[in-house]
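Hi there,

Here is the structure I promised to send over. Please have a look, and my notes on the chain contacts follow below.

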Amino acid sequence: MSNINNCADNTVLDIRNLSISFQQYAGRFSHTQLETIHNLNVKVHAGELVAIVGASGSGKSLLAHSILGILPYNATWSGEIRYRGELLTQTRIEELRGSEIALVPQGVSHLDPLMKIGTQILKGRKDAATRQKMEEVLERYGLGDGVENLYPFELSGGMARRALISMAVLEDAKLIIADEPTPGLDAKLARRVLSHFRELADDGAGVLLITHDLELALEVAERIVVMHDGTAVEDTEACNFAREETLQHPYTKALWRARL
Amino acid sequence: MEVAVKTAKNLVRVALLLLCASAIAFTLVSISPLDPLQTNIGQAALGSLSAEQTAQLESYWGVGEPPIQRYLSWLGDFVRGDMGISLLYRQSVATVIAEKLANSLLLLAFAWVISGVLGFTLGIIAGAYQGRAIDRAIQSYSLIIASTPLFWIGIMLLLIFAVWLQIAPIGLSVPIGMEAADVTLIDRLRHAILPALALSITGIANITLHTREKMIAVMGSDYVLFARARGESTRRIVTRHGVRNVILPAMTLQFALINEILAGTILVEQVFSYPGLGQAVVTAGLGGDMPLLLAITVISTALVFGGNFIANTLYGVVDPRIRKGVSK
Amino acid sequence: MRWRLNRRMNRRMATGILLAIVVVALVAIAIAGPLVTEQAMATDFARKDLPPSWQHPFGTDWMGRDMFLRTIAGLSTSLRLGMLTASLSAGIALLLGSLAATFGRLLDATVSWLIDLAMGIPHLLLLILIALAVGKGAAGIIIGVMVTHWMALARVMRAEVLQLKQSGYVLASEKLGVGKLTIIRKHMLPHLLPQLLVGLVLLFPHVILHEASLTFLGFGLSPEQPAIGIILSESMRYLVAGTWWLAVFPGLMLVAVVAMFSWLGGSLRKLLDPVSIHE
């Protein structure tokens, strides 16, 4: 499968036939295997922002977690995940996550409540160059003025999101996975946060944006993958959402109509 | 400012609680058939009390006065340091307690520190590696010990170290009447080892179980998941995020342990015949020495509430969320 | 993978079976106690101080009493006393917890004050004071243990009721003007009972250990009564004489019974609350 040509087409993330299943207790003494995602295929190229849109609770976060190798113990996955043509094994993702591959999680609960923002962003690095860079990045996101010395509870929702984005930026991540980065923000703030992801894609990173908000996704994404019942029912250019006729799946059409 | 106001409120609360607790203890002592006023006169052990001492005792307990007045007058004396006369030790209660407490403090401090340090460490390790062999081993130890009566642990230690191996004293070597000054430091330490060990064995299990629970909660948190996604290793997550977030609840646990250890000394000192506060409780209780029993109860309760108060205050100082005045 | 799944499933089934066995064992001990008490108290100086053997698995004491029977009789006392006191404690917990959550801030504050108060006096000391006040014996244990063990469960009950109060049908009943007590009885109790059951079982270990400790110290049951605390306190006098079995076996049995209750409570909690199963 993997060859030099594959790399050359600048695919950053290539997910093929991904299935994730959960073990669940069904009753007091027995349990079943619950498949939350099945046969999912998603591709993200460098410089591209792909949005995965699906209703809350459709297992979208699991997708992010499976890419990063942080699925809970009672979940199993099958299929293939490739990063720049290279198969992502557990060992490999453990080397790459946090540097080349970065997660931008939902919000403030993903920050250590008892550690200052700056300390968390630096991840233990103390060298002057990294500090310098952090200050620049924070400045860029309007988080100068000593925000690095604040605790997470002192940040507003928007500030927390921007702090989480700066973490990915500081690492110069080539693949950024944003897991529902907007809930709890008003429309204006949410737009601002999403525009930061657009900038990151324009700077050359591949961005996978996982969201339930089709409206916002359409404003920033090149491609939209619609998830329904655990699989991708539509994978199309964002511009195809201009008219109902260019959409394929009934679920997507329903979504489209709901927008009106 | 916020912190100061909170601390003051807390202090008032603790004082009121202590007041209520002392009233309860006083009531229980008063309604007990061993009420000094009813038993004193007839009790053979007290036959040698001089008329003067009896009068002193009667005025201390306020014979014939209504209960509330009796309580208030007892409280007034108590606060001024006059805790009455111990019927068994023939000394002022304050003197007896000072001596016994000095003996027990050694045990208490040792068990408190060891339980805290080891219990915290084991709890962190077990919680961080939940479900692995090391967790199961630590968990088994804690659960078994939690099901084991402290006094039986004491008996087993006595059996193993004093009877079978004969490397520890069998207790009773410091008779009740003996002056503390007559006992050498080495001797005292020798006698303190086993009771301290027994107290620590249960204390560790107690702290470990609770710390493990907290650690599991931390390890399951969003921020630990994110730290993992950022490439931090388990070891780093444990030291950077785990310890930091568990240490606050652990502090509360540590101070709550005072209660357990105080109760524990009663059992342990009885098993090892260790001449401390715990043994004095049993002696006083069985011998009808109510002034002593009452005073020890009030002082122990004060220690527990004091620990509570310190924990709450420290929490406010250490936790930035409270320190910076944001209610949780 | 499949193999692991099967193993997990079997473990769950095994838990159920073990659960039944443990309950039967505990009930058997409780029932056997009174039946063997007379035999357990029978002295026979021809067979005194015998080490453990097939005939006397736990040996005999200095009066020739069979230690196995004495242990069973003692454990039975513990179990029956424990059942009574744990139920009473759980009753107090249910009452105060639900009242605190239902009848406004003043009562809530009072109950939380009572909880703090009862938690502040070291339990064993309070138990001793109560035992002395009511004149030792079973009454002292029952009253003492009852008033010192309800606090943690009361907190749980309070939290549960507060949560239930927010549920749709309770809010609806309130709007319809249904009385508070009726709501508690009809809508809340059925949800609280499983929690209460778990709490009750988990109270047992504490209750039994405190009863044994109090008796061991001499403030509980009297020496004529079959009690594990008495057995262990007597055994201390004979430690040096070498009759180690007097202390070891009864103690181990006590640990086993208490551990069974802890395990029982933990398993029940997991079974009743399938969400928290993933350990």
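The contact between chain B and chain C takes 39 residues from chain B and 36 residues from chain C, where two residues are in contact if their C-beta atoms, placed from the backbone, lie within 7 Å. This is a predicted model, in which local features need pLDDT of at least 70 and side-chain atom pairs count only at pLDDT 80 or more, while totals for chains, interfaces and linings use all residues. Residues are numbered from 1 along each chain as its sequence is written, with chains lettered from A and ligands numbered from 1 in the order in which they are written.

On the side of chain B that touches chain C, helix 1 of chain B gives the most, with seven residues. Helices here are DSSP runs (H or I, at least four residues), numbered from the N terminus. By class, that side of chain B has 29 nonpolar, ten polar and no charged residues (Ala, Val, Leu, Ile, Met, Phe, Trp, Tyr, Cys and Pro count as nonpolar, Asp, Glu, Lys and Arg as charged, and the others, Gly among them, as polar).

One helix pair may interest you. The axes of helix 7 of chain B and helix 9 (residues 228–237) of chain C come within 11 Å and cross at roughly 25° (axes are lines fitted to C-alpha atoms over the stretch in contact, and angles run from 0 to 180 degrees between N-to-C directions). The two helices are therefore roughly parallel to each other, a label for angles under 35 degrees. Phe151(B), Trp152(B) and Ile155(B) meet Leu232(C), Ser235(C) and Met236(C) in this contact.

Best wishes

Methods:
Parallel < 35°, antiparallel > 145°, perpendicular 65-115°, else oblique.
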